[in-house]
Amino acid sequence: MANQVTNYKCPACTGPLRFDSATGKLQCDFCGSSYEVAEIEKLYAEKDAQAAGAFRQAEEQAAADGEWTSASGSDWGADAEKLRVYSCPSCGAEIVAQETTASTYCCYCHNPVVLSGSLDGKYRPDGLIPFEIDKKKAKEIFKNWIQKKKYVPDDFYSPRQMEYLEGIYYPYWMYSCQVSGEMQAEALRKRVTVAGEIEYIETSRYHLEKKAELPIKDVARNALKQADRSLAETVLPFDMKKLRPFQAGYFLGFRAERRDREKEEFTQEIEQEIKQYTRESLQNSVSGYDHVDIRNHRETITGEKWNYAMLPVWMMTYPDPKSGQMYYFAMNGENGKVCGVLPVDSKKLVRLFLTIFIPVFVLLLLGGYLI
């Protein structure tokens, strides 16, 4: 038995709907109709409610019959337990996806689908930020960024390479709190005066006490194991004021991944980071002294709050045909910030070396420096 799939279709012509980042609405490319996300969500919520009873009954029957909705038992190897099989409601083809995937495309009919159930219960996000940069604009930003780099392989610029660009909603944990900081320190201030040939040094000693109350908002951590954490977090920050209540309709036309890392993995790391930040803020607030010796400090965190959000990221991969290394690039889908490590074309570097070395060598030779 295949897992349940929701295929959002145009109420006017039944064509597939996709989220248009330019208008903020769901768009039908067949008849040109557009709809508010909430409008379509309500329509499909009613349909889902009608089908929920029948679907639960079918699942219970499948479990009783010994069926399983994962790909285990297939020929797909050791990772089969992490795969799920869905049936495309448009063409009936099987959609095989990672267990964390919440939205994707059918590779046969190319219709966008939401994999129902992936974001239910504890996996339901508290909110999301929709894509504000569409694929056309994302390509332009990537090209402008790449063209400033002189020594990347030529095929990195190719239209075929640009097709690897994919919009993905990544899961992030967002941590907020209130932190109180206290610091006691001894400070020295010196004053030098000269009378004739005698130099006088006056040293004043001070006892300092500093306190601060700092609100900390939306410290983000990537919540997907398979994602490159450094890359997924380098595209931060996002403007969290743009966070909207979660609605699956925003996923249409993009891939979405649910979390498989829990907040407990990050709690100690974030708390240490916040305490260090508070301590450094208090230290930096002290000025006008020749020496400051921190004698005591304390940081207290209260009002901890976690939110689970889906944030838009454009991703692109580049497999280097010579080294076999895979390069990853990411772009913030809200503000266009780009990050990644670029491959280097060794032939271009050799040409650069020869262009510089040979003229210098000839000049040195003519000047007699090498004779």
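Strands are DSSP runs of E with at least two residues, numbered from the N terminus, as are helices (H or I, at least four residues). Two strands are taken to pair if DSSP finds at least two bridges between them. The structure is a predicted model, in which local features need pLDDT of at least 70 and side-chain atom pairs count only at pLDDT 80 or more, while totals for chains, interfaces and linings use all residues. Residues are numbered from 1 along each chain as its sequence is written, and side-chain values use heavy atoms, with hydrogens and water left out.

Strands β9 (residues 166–195) and β10 (residues 198–222) form a hairpin with two residues between them. Their pairing is antiparallel and extends over 23 bridges. Within this pairing, Cys-177 has Ile-216 of β10 as its bridge partner. In the turn, Gly-196 has a positive phi of about 65 degrees.

Strand β1 is joined to β2 (residues 25–28) by four bridges. Phe-19 stands opposite Leu-26 in β2. In a regular strand, side chains alternate between the two faces of the sheet.

Cysteine pairs were also examined. With a disulfide defined as a pair of cysteine sulfur atoms within 2.5 Å, a search of the whole structure finds zero disulfides. For Cys-28, the closest cysteine sulfur is that of Cys-13, at 3.5 Å, and this distance is too far for a bond. Cys-31 is likewise in no disulfide, the nearest cysteine sulfur being that of Cys-13, 3.6 Å away. Accessibility was classed as buried (under 20% relative accessible area), exposed (over 50%) or partly exposed (in between), using a 1.4 Å probe and protein chains only. Cys-28 is buried, with a relative accessible area of 1%, whereas Cys-31 is partly exposed at 38%.

Asn-332 lies in strand β13 (residues 326–332) and is buried, with a relative accessible area of 0%. The side chain of Asn-332 reaches the backbone oxygen of Val-235 at 2.9 Å. When residues up to four places away in sequence are not counted, Asn-332 touches Ile-133, Val-235, Pro-237, Phe-238, Pro-312 and Lys-337, where contact means heavy atoms within 4.5 Å.

Terms used
A polar contact is a pair of N or O atoms within 3.5 Å; within protein, one must be able to donate a hydrogen and the other to accept it, and residues adjacent in sequence count only if both atoms are side-chain atoms.
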